[in-house]
Structures are given as C-alpha cells and as structure tokens.
Amino acid sequence: MSKKPIDTKEFATKILNSKKYRHLGLNRSTINDLVHREAQIQSSDKAIFKTVRRKLHNIVAPYLGEPNYASLLERLSEIPETSPQSEQILSFCLDVLSEHASTAERIPHMSAFYEQLFQRTGKPERLMDLACGLHPLSFPWMGLPITVKYHAYDIIQVRIDFINHFFQKLGLAPYAENRDILVDPPDYHADLGIFFKEAHRFEKRQPGCNRSFWERLNVDTLAVSLPAHDLSNTHSLIEPHRRLIENNLPGHSTVTELLIENEIVFLIDHPG
Ligand SMILES: C[S@@+](CC[C@H](N)C(=O)[O-])C[C@H]1O[C@@H](n2cnc3c(N)ncnc32)[C@H](O)[C@@H]1O
C-alpha cells in the first residue's frame, strides 16, 4: 500500500490552533515552508513534524519574552500624549522593550546605538526593520522624524497589530506587516535595512539561507547585528559571527563593522 502523503495544511492548522501558538496569529507560510523543506530531507512524517516543531520553537523564541498585548494596548490608549519624546510614551516604550531579551539588552545605550549607526549609514527616509520583534518601540531614541517610512516585519500577528497601533499613536504610518521575510522578502527600495539579532537563527532554520535572502533585498545598506557575547556573557561570539557574515556575504558587496556595547553591527553595502 502506498504511503499517504503529508497533509501540510492539516499539520499547519494543528500547530496554529495549538495552545502554545493560537494566541499569536503565526504566519502560515512559515510553517508551510518548514514542512516543505523537511519533507525533502526526513524519512518519516514523525521526523518531519518533530523537526518542524523544534525549528518553530527556535524561530518564535518564546523564551526571549512575550508581553501581554491586550493590557499594553489598553495602557497605550490611556496615554493622552502622542509625542515620541513625551514622558509617558518614553516610559511606556521602556516597559515594553524590557519585556524582550533582545531589546532589553539595548536599553542602557539606545541613544548612542542609533547615533553611531546613523553616523555611518545616514538617517534613512525609508527603513526596513526585518524580523523586528519589539524593536520599533525604540523609535523615540532613533532621532528620526515621524515622516520616516518605517516598515517593520514579523511573523506574529498580535505583535504586528500592537506595533501598528503604536505607530499610529505617534503619527507614523502603520507600515508593520505580518510577513515571513525569508519566504517572501520585501522587494521595494529602502535606503536602510536592519536585520538585528536574527541571522544566526536563520542559519539554524535553513543553513546558508542568509546570502540569498540578503541578495533579494533592494536596500542601499543592510545593517546585520549579532550578539557579541553569549546570553550569560561568559564568552565572545565575535569570531563565529564574523564567519557567519563572511560565509554569506554576496560576492559584489563589502562589509564594515561597528561594535556597540554587546552588539556587533555589520554594515553591508548594496547586498542585492
Ligand atoms: C530575536 S527577535 C529579534 C528582535 C529585533 N530584531 C531586535 O533585535 O530587537 C526575532 C524576531 O524575529 C521574528 N522572526 C523570526 N523569523 C522571521 C521571519 N522569517 N520573518 C519575519 N520575522 C521573523 C520573530 O517572531 C521575533 O519577533
């Protein structure tokens, strides 16, 4: 008797409705892509599903922190001010940023971080925040005007809805989008793309995928940041992360480095 083919749709629906993920509104194309790729490598359905679940856990990374968006939205709606520099907005943003490990680490030196970054890249008029997490809440420290076109991408719908509410509160256009940037990279032009603290996870999802992903982007500069130390701050990750960038650097591009506290930023010119 021939083997019944995997029903990707049914499997994706099961994951999307699972207790672990149903409140997030995960992007279905991420799961479809993982299943499709594993089906070509693994020998059994059981092995496919096990690997997809493991990879998805690493991609969504719930261990880095996930705030309660309903209560944050309620709090945001009660703030009368709309200026990014107002005390209540700043305090709100700091509370949100502290709820995710990636953004929490940057809090002590945020202003210096964007000052140094934009000194090298120039201030963007159109910015792509690729795999954004809660990073758009750092907007008040970026020194950018609210006319900037800030496109933010993540695969978690509740996060995207929250970011768009936040953008609108400040007067920014609501350009946050639920999109899997690896499956479906944005193709319009931006002066700056930022891809912070995610390239090493992309390598785990699909080894070697960063190069073709970067090549598909239409940006003048791509700033890829990676942690300079491990989470417990016991050893340096600079050398392995330098290798990750070298191994994925598009042939025609050059790269320069910027070390800002615990983050190493690789500035890649015209990757696409
Ligand atoms: C480690 S956090 C990084 C957050 C942010 N870049 C920062 O440095 O503060 C990774 C985020 O990327 C999102 N993500 C992972 N894979 C993605 C993909 N293929 N497309 C879009 N977003 C993705 C996750 O949902 C998560 O919110």
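A131 counts as buried, because 22 C-beta neighbours lie inside 10 Å; a residue is called buried if 20 or more other C-beta atoms lie within 10 Å of its own, exposed if 12 or fewer, and partly exposed in between, with C-beta atoms placed from the backbone. The structure is a predicted model, in which local features need pLDDT of at least 70 and side-chain atom pairs count only at pLDDT 80 or more, while totals for chains, interfaces and linings use all residues. Residues are numbered from 1 along each chain as its sequence is written.

The phi of A131 is near 60 degrees, a positive value in a residue other than glycine. K197 belongs to the loop between strand 4 (189-196) and helix 9 (199-205), and K197 is buried because 20 other C-beta atoms lie within 10 Å.

Of the 20 residues around the ligand, S102, A131, G133, H135 and F196 come nearest, where a residue is near a molecule or strand if its C-beta atom, placed from the backbone, lies within 6 Å of it. Two or more residues of this shell come from each of helix 3 (45-60), helix 6 (101-104) and strand 2 (149-154). Sorted by class, the shell holds twelve nonpolar, four polar and four charged residues. Here Ala, Val, Leu, Ile, Met, Phe, Trp, Tyr, Cys and Pro count as nonpolar, Asp, Glu, Lys and Arg as charged, and the others, Gly among them, as polar.

Next comes helix 5 (residues 87-97), where I89, F92, C93, V96 and L97 are buried. These residues cover an arc of only 130 degrees around the axis, so they lie on the same side of helix 5; the arc is that of the directions from the helix axis to the C-beta atoms. An α-helix has 3.6 residues a turn, so residues three or four places apart point the same way. On the other side of helix 5, E87 and S91 are exposed. The buried residues of helix 5 pack against helix 4 (69-78) and helix 6, with two residues in contact if their C-beta atoms, placed from the backbone, lie within 7 Å.

Strand 7 (residues 263-269) is largely enclosed by the rest of the structure, because five of its seven residues are buried. Strand 5 (residues 218-227) pairs with strand 7 in the antiparallel sense over seven bridges; two strands pair if DSSP finds at least two bridges between them. Within strand 7, V265 stands opposite S225. Strand 6 (residues 255-260) also runs antiparallel to strand 7, joined by six bridges, and F266 in strand 7 is the bridge partner of E257. Strands 6 and 7 form a hairpin with two residues between them, and E261 in the turn has a positive phi of about 50 degrees.

Finally, the chain as a whole is divided into domain 1 (8-60) and domain 2 (68-269), with bounds that come from an automatic or database domain assignment. The contact takes twelve residues from each of domain 1 and domain 2.

Methods:
Helix = DSSP H or I, 4+ residues; strand = E, 2+ residues; numbered from the N terminus.
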